[in-house]
Amino acid sequence: MIETVATTPFDGQKPGTSGLRKKVPVFQQKNYAENFIQSIFDGLDGFAGKTLVVGGDGRYYNREVIGTAIRMAAANGFGRVMVGRDGLLSTPAASNIIRQYQAFGGIVLSASHNPGGPDGDFGIKYNASNGGPASEKITDAIFAKTKTITSYRIERSPAPDIGRIGSSKLGAMTVEVIDPVADYAGLMQKLFDFDAIRALFKSGFAMRFDAMSAITGPYATAILEGLLGAAKGTVVNGTPLPDFGGHHPDPNLVHAKELYDLLMSKDAPDLGAASDGDGDRNLIIGRNQFVTPSDSLAMLAANARLAPGYAKGLAGIARSMPTSAAADRVAAKLGIKCYETPTGWKFFGNLLDAGMATICGEESAGTGSDHVREKDGLWAVLLWLNILAKRRQSVADIVRQHWRDFGRNYYSRHDYEEVDAEAASGLMKSLRDRMGTLPGSHAIKAMDDFAYDDPVDGSRTEGQGIRILFEDGSRIVYRLSGTGTAGATLRVYIERFEPDAARHGLETQAALVDLIALSRQLAGIEARTGRAQPSVIT
Ligand code: VG1
Ligand code: CO
């Protein structure tokens, strides 16, 4: 039986960089998740009888909202829901399922790298039929619906048991519970040379993959230890936990410090890797060699042809604006275009759909390709493994060689988290106000507020970050995060190109020391936010 429940709008249900993210208690308010899910459906057209994919990263409150989403999909007229067993699907696996089964779209429950648990974060996002995050046009339509909603529709019967694979009915709709890993693993086998990687592990290559008690555990265990023969115990923290074991499932040098320390120790394995809460980010560390995400994108692009899925070469590369220009140098050498987009994976969708780009990446530890329409953590790890299996060199050797061939883009991001929202917007405004006057001082060549004209659909997206471009090609970029749930997070991105191989061995923060000081001074960060130091450096 379908029930129509009266409701009133909630403020602030505006999707950010990647869906709607709020604290769990906010989502637990009566009707809060229902309102947003109904607004998603109300913002869409033509899904009657079609398939909706539903899955999440397993964080606290996942199961409840999965049940609600299934019952609401039935009441709103979907013909079928495909849901990962236990409600689990990594973000890239959800993207793949949508594409593989030609679903109308998908609802992905995740707050990605944000912490989980009763006081942690939760999130809901909608992905379209190409498997990618909804475009701004769709998220704007959803947001508009959240402001006028008066009722939602829900099937009164409870959702079927999602703990077992199989098919059942809820009202007129079919609920299909699927293995979350199988199709994804099949796709990876098409892209990479599994024989070569198996031989690499057989030769004694040692690896540690830290799943951070999040969604990639089952995927990494099945693929690395199962299909590829990596030693048992290669995957650590491999069981998804609702609170990620109390940790912050963000694969960076702060939250994956244990992995980093291991790779810098005398017992280091050959490769260390990690992924985030929903499985779309990756961290790559070789023995004694951290690979910055921007460098990783460039190195993967430069070597992609070693993997069967990319043997024909790349159509183009795309990177988000704050990501370093290391990938641009690879594109130039390959004679292909490098596109510069705003932050957030949704901006790559059109380029991938149009066949203009094959590999995309973001400085925030996201890399991916046209195999799905999300960034893909395990994909990046497997491409690295494929490259290592073919080149039979260490990560450190590959990195150093790359710098010798292309030069090194020293790069770092400084985050000032949970600062006062007004202070943060004041800081951005003050930079904007000085746009016309700063160039000419401090060897600043130009300054702008990044805007993107999508070459496929002609849409324009403005206000995507303040860029300060220096005479020598260095950059400082300022933008406010669109994924945080408390106060504001100021991100400052700092980059300097070094062509001279004799100067490639500096420690990153030391190599950028002058620009870092200038980034603080120009924006008056301490005076405006009270923070003398960033809270996270990546
Ligand atoms: C951050 C990253 C961005 C990434 C986004 C979603 O956004 O900077 O590159 O696409 O998170 O990633 P923001 O607006 O906070 O800077 V995930 O793994 O959280 O889905
Ligand atoms: Co993520």
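This is a predicted model: local features need pLDDT of at least 70, side-chain atom pairs count only at pLDDT 80 or more; totals for chains, interfaces and linings use all residues.
Residues are numbered from 1 along each chain as its sequence is written, and side-chain values use heavy atoms, with hydrogens and water left out.

Helices (H or I, at least four residues) and strands (E, at least two) are DSSP runs numbered from the N terminus. The axes of helix 13 (residues 377-391) and helix 14 (residues 395-406) come within 11 Å and cross at roughly 90°, the axes being lines fitted to C-alpha atoms, for helices over the stretch in contact, with angles running from 0 to 180 degrees between N-to-C directions. Helix 13 is therefore roughly perpendicular to helix 14, a term that covers angles of 65 to 115 degrees. Trp384, Ile387, Leu388 and Arg391 of helix 13 make the contact with Val395, Ile398 and Gln401 of helix 14, where contact means heavy atoms within 4.5 Å.

Helix 14 also crosses helix 10 (residues 293-303), at roughly 85° and with axes that come within 11 Å, which makes helix 10 roughly perpendicular to helix 14. Here Asp295, Ala298, Met299 and Ala302 in helix 10 meet Val399, His402, Trp403 and Phe406 in helix 14.

Across the whole structure, a search finds 15 aromatic pairs, defined as rings of Phe, Tyr and Trp (its six-membered ring) with centres within 6.5 Å. The rings of Phe41 and Phe78 have centres 5.3 Å apart and planes at 55°, so this pair is tilted, the class left between stacked (under 30 degrees) and edge-to-face (over 60). Phe41 belongs to helix 2 (residues 32-42), whereas Phe78 lies in the loop between helix 3 (62-75) and strand 4 (80-88), 37 residues apart, and the pair thus links distant parts of the chain.

Around ligand 1 there are 20 residues, of which Thr17, Ser112, Ser364, Thr483 and Arg491 come nearest, a residue being counted if one of its heavy atoms lies within 4 Å. A polar side-chain atom of Ser364 lies 2.6 Å from an oxygen atom of ligand 1, and an N or O atom in the side chain of Lys375 is 2.8 Å from an oxygen atom of the ligand.

Note on methods. Chains are lettered from A and ligands numbered from 1 in the order in which they are written. Angles under 35 degrees count as roughly parallel, over 145 as roughly antiparallel, 65 to 115 as roughly perpendicular and the rest as oblique. A polar contact is a pair of N or O atoms within 3.5 Å; within protein, one must be able to donate a hydrogen and the other to accept it, and residues adjacent in sequence count only if both atoms are side-chain atoms.
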